[in-house]
Amino acid sequence: MSKSMGRMRMSSEDVVLVEESKNSGHPTVVTVNCPDKAGLGCDLLRVVLEFGLYVTRGDFSTDGKWCYIVLWVVARPISLKVDWESFKNRLVSCCPSCLPAFYLDQFSAASKSPPLYLLKVFSLDRKGLIHDVTKLLCELELTIQRLKVMTTPDGKVLDLFFISDSMNILHTKIGREETCEHLNVVLGECCISCELELAGPEYECQQGFSSIPEAVAEKLFSPAMEDRSQAPSYASEATVIVDNLLSPVHSLLQIQCRDQKGLIYDILRISKDCDIQIAYGRITSSVNGYRSLDLFVQNEEGKKIVNSEKQVSLCSRLKEEMLHPLRVMISNRGPDTELLVANPVELSGKGRPRVVYDVTFALKTLEICIFSAEIVRHSTLDREWEVYRFLLVENRGFPLTSKRAKQDIVDKVRRTLMGW
């Protein structure tokens with residue numbers, strides 16, 4: 001029997017193998033063996049990031065038709081509980097099926113946008129409220145697509161979460177009721193009401209684009225490498241080298257950058273968006289806080305990247321988005337103080353996972369309350385951004401009129417997002 005026929009007869013159980021570590025803190029080994037598709041590595045690493053996992057090292061290779069990927073992952077923090085069976089199922093859902101009929105069905109399903117649900121939570125206000133809701137949604141594998149938080153004058157909060165359901169549990173009345181019951185337990189006596197329903201077409205207008213003041217947008221979306229306020233000095237180095245001598249048919253990208261949360265996802269996201277095909281890659285372990293990657297790549301035509309302008313463009317984009325995958329700043333919004341966090345959106349339209357979780361966790365740690373919040377989209381000349389806007393409530397520990405306090409908030413939020 002030929003190797004290709006053996007591959008075609010693989011069961012779905014063999015597509016993704018997860019070997020859980022027997023010792024806490026030691027890596028779990030994830031193996032993916034399936035037909036290849038454009039951007040598969042990015043899709044897999046997105047799931048890794050969604051589950052709060054960190055890649056310690058990895059290897060992946062493809063002949064253009066079939067790929068083999070091995071990732072060593074650990075939970076961050078170690079106390080994080082991971083549903084490995086659910087994690088495996090999510091990875092399998094990213095992979096083209098080994099069976100033609102299944103592949104066609106999967107392709108048809110993937111081409112449809114997942115249904116959008118509207119979660120309305122009305123409750124008494126308290127510190128950490130939005131983070132507690134966000135944490136539960138992450139645990140239930142419900143992805144926040146849009147968010148609108150409003151505080152009423154009498155100290156109550158109306159939270160509108162527009163969510164998608166990767167586990168397909170919200171399509172039944174029982175699934176929606178159980179989700180609301182979980183929220184009632186988390187919020188306790190603070191919860192006044194909780195409703196979850198399929199969002200109708202009238203809510204599509206909620207996916208509005210931002211009305212960020214021009215001066216704020218110019219600073220938030222300026223070329224980050226020219227804006228030293230966007231990063232501390234110890235994160236100001238990244239190198240990308242293109243070597244066309246080592247391989248007769250591939251360009252070698254040698255990448256080194258300070259280690260951070262989502263680093264591998266960001267590199268593969270850029271590769272996917274730039275139509276860069278990765279034939280072989282190796283992710284080394286972190287050494288002195290830095291990570292190295294060797295990627296043997298080709299352009300969209302299956303050739304080396306020899307054009308000097310394209311080399312410079314690719315290297316510049318990789319450097320910029322490795323150093324500044326997220327933009328964080330504080331500005332004045334009338335008499336109020338607003339925290340803004342922005343990240344590039346994949347060409348597929350997907351935003352970055354767990355941003356709301358990390359930002360609200362950082363604010364909860366600082367005991368800063370959120371008066372209102374929303375997620376919007378913003379377009380610049382070369383890309384689309386997802387922008388998270390939080391109006392903050394001043395407290396004694398962090399007087400928001402203080403320049404030092406504002407910088408401390410920005411640093412705490414950035415460090416949490418970057419995993420530092």
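Reader: Is Lys 364 buried, exposed or partly exposed, and what is its relative accessible area?

Author: This is a predicted model. In it, Lys 364 is partly exposed, with a relative accessible area of 36%.

Reader: Which residue forms a salt bridge with Lys 364?

Author: The partner is Asp 132, and the closest N and O atoms of the pair are 2.8 Å apart.

Reader: Is Asp 132 buried or exposed?

Author: Asp 132 counts as buried, because its relative accessibility of 14% falls under the 20% cut-off.

Reader: How many salt bridges are there in total?

Author: The count comes to 31 salt bridges. Another of them joins the side chains of Glu 321 and Arg 383, at 2.4 Å from N to O. Glu 321 sits in helix α10 (residues 308-323), while Arg 383 is in the loop between β15 (369-379) and β16 (384-393), so this pair ties together parts that lie 62 residues apart in sequence. Both Glu 321 and Arg 383 are buried.

Reader: Which residues are linked in a network of salt bridges?

Author: The network consists of Lys 37, Asp 43, Arg 46, Glu 50, Arg 90, Glu 141, Lys 272 and Glu 346. Within it, the side chains of Lys 37 and Asp 43 meet at 3.5 Å, N to O. Lys 37 is partly exposed, with a relative accessible area of 32%, whereas Asp 43 is buried at 12%.

Reader: Changing topic: how many cavities of 30 Å³ or more does a search of the whole structure find?

Author: The search finds three such cavities.

Reader: What lines the largest cavity?

Author: Its lining is made of 14 residues, and those nearest the centre are Arg 126, Gly 128, Leu 129, Ile 130 and Ile 370. The elements α6, α11 and β15 each give two or more residues to this lining.

Reader: How many of the lining residues are nonpolar, polar and charged?

Author: Seven are nonpolar, three are polar and four are charged.

Reader: Now the strands. How many residues of β4 are buried?

Author: Strand β4 (residues 66-75) is mostly covered, with nine of its 10 residues buried.

Reader: And which strands pair with β4?

Author: Strand β2 (residues 28-35) pairs with β4 in the antiparallel sense over eight bridges, and Val 32 has Ile 69 as its bridge partner in β4. Strand β3 (residues 53-62) also runs antiparallel to β4, joined to it by nine bridges. There, Ser 61 is partnered by Tyr 68 of β4.

Reader: Which residue takes a positive phi in the hairpin of β3 and β4?

Author: That residue is Gly 64, with phi near 95°; the hairpin has three residues between the strands.

Reader: Finally, the cysteines. How many disulfides does the structure hold?

Author: It holds zero disulfides. For Cys 42, the nearest cysteine sulfur is that of Cys 94, at 9.5 Å. Cys 42 is buried, with a relative accessible area of 2%.

Methods
Residues numbered from 1 in each chain as written. Predicted model: local features only at pLDDT ≥ 70, side-chain atom pairs only at ≥ 80, totals over all residues. Heavy atoms only, no water. Salt bridge = Lys/Arg side-chain N within 4 Å of Asp/Glu carboxyl O. Buried < 20%, exposed > 50% of the residue type's maximum accessible area, 1.4 Å probe, protein only. Helix = DSSP H or I, 4+ residues; strand = E, 2+ residues; numbered from the N terminus. 1 Å grid on protein atoms, 1.4 Å probe; cavity = no way out; pocket = protein on both sides within 12 Å on 5 of 7 lines; lining within 4 Å. Points joined across faces, edges and corners; volume = space filled by probe spheres on them. Nonpolar A, V, L, I, M, F, W, Y, C, P; charged D, E, K, R; others polar. Pairing = 2+ DSSP bridges. Disulfide = S-S within 2.5 Å.
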